[in-house]
Amino acid sequence: MTTSPTLPSRVLGAVLGAAIGDAMGHPTEFMSLDAIRQKFGDDGVTGFVLFDEQNGKRFAPYTDDTQMAEVVLRSLLDSIDDADDPASPDLDGTMRRMADGFVDWAQNPLGGHRAPGNACLAGCASLANGTHWSEAGGAKAGGCGSVMRAYPFGLGLLDDVVMKTWAVSHSKLTHRDPIALAACAAMAVGMRHAMRGNDVDDMLSDMVGAARPHSAATADMMQRAWDEAGAGAEPDAIFDWLRAWAAHEAIAAAVYLVARHPDDFAAAVLEGANTEGDSDSIATLAGALVGARVGIEGIPKDWVDDVERSVELQALARRAAATVEAVQRAL
């Protein structure tokens with residue numbers, strides 16, 4: 001009998017899984033599939049292939065996806081800590097805290113900039129100039145820069161209704177296009193299902209449903225990706241049209257991978273990393289969702305050990321797990 005992962009294990013799986021997926025796709029971002037196979041072999045990347053070294057320790061570096069997701073998670077945790085009632089933190093105060101974190105990231109990113117999107121940088125510049133967080137993002141900014149960092153909203157720090165509102169609200173700091181709002185809502189809902197270990201079909205159905213009020217086109221693309229996975233469509237064909245530079249393509253790509261590999265972390269992440277498009281963002285979304293489903297025990301230990309700032313991320317995840325438990329007691 002397989003033991004279901006504990007809540008702390010699922011939070012660790014989500015946080016480390018997202019970072020590992022990001023780092024796994026880092027070296028293949030911007031590469032064609034032919035170039036990936038020429039450089040890494042017919043199977044593409046099968047583990048970390050890009051390493052940096054600091055203070056004598058070698059690690060696989062992630063990108064701006066994880067840098068910004070960490071800002072989101074820390075902002076949520078700090079706001080809950082400061083709230084009189086941990087189950088009722090303040091939206092505006094949290095978004096202002098997050099805005100400050102994004103501006104700091106844009107000016108002094110931990111580990112350096114790693115190909116951040118123009119919309120993220122433009123939103124941060126607007127925030128730095130005093131624009132209210134709800135209007136800082138471009139009205140037509142629909143890239144994947146907000147959905148790549150949206151998974152913390154579904155960890156259990158907020159109740160089911162609030163988490164969707166907050167995930168959508170946070171997108172507006174950098175991305176206000178409806179496809180970005182839809183993708184963030186879907187990612188939060190998907191993470192909540194993953195944290196509960198729910199049936200994968202229920203999970204994907206609710207993700208599509210969460211996207212639809214904001215963007216029918218996004219929901220339709222997600223449904224198509226899910227249908228294609230069920231029909232056995234091969235990754236090369238799917239990722240030829242789901243390049244994931246745009247938010248609706250990124251969340252649809254995540255749906256496809258979760259539908260194919262709901263409980264196989266390595267398969268989901270490696271398939272996402274070996275793509276023509278925004279491979280780090282595809283793999284980070286899949287890594288967060290499948291990582292939460294399988295827990296930290298379902299992720300290869302050497303990947304956990306080797307990802308950038310593993311010790312710090314594990315500590316952050318444990319703090320998040322303790323806060324989730326406190327919030328759930330208060331709800």
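Visitor: Which residues touch the most other members of the largest nonpolar core?
Guide: In this predicted model, where local features need pLDDT of at least 70, side-chain atom pairs count only at pLDDT 80 or more, and totals for chains, interfaces and linings use all residues, they are Ile20, Tyr151 and Phe153, out of 116 residues in that core. Residues are numbered from 1 along each chain as its sequence is written, and side-chain values use heavy atoms, with hydrogens and water left out.

Visitor: What makes a set of residues a nonpolar core?
Guide: Its members are buried Ala, Val, Leu, Ile, Met, Phe, Trp, Tyr and Cys residues joined through side-chain atoms within 4.5 Å. Helix α7 gives the most to this core, with 14 residues.

Visitor: Why is histidine 193 called buried?
Guide: Buried means under 20% relative accessible area, exposed over 50%, and partly exposed in between, with a 1.4 Å probe and protein chains only; histidine 193 has 12%, and therefore it counts as buried. Its place is in helix α7, residues 178-196, a helix being a DSSP run of H or I with at least four residues, numbered from the N terminus.

Visitor: How do you know that the side chain of histidine 193 makes a polar contact?
Guide: The term asks for a pair of N or O atoms within 3.5 Å, where, within protein, one must be able to donate a hydrogen and the other to accept it, and residues adjacent in sequence count only if both atoms are side-chain atoms. The side chains of histidine 193 and asparagine 198 make such a contact at 2.9 Å.

Terms used. Helix = DSSP H or I, 4+ residues; strand = E, 2+ residues; numbered from the N terminus.
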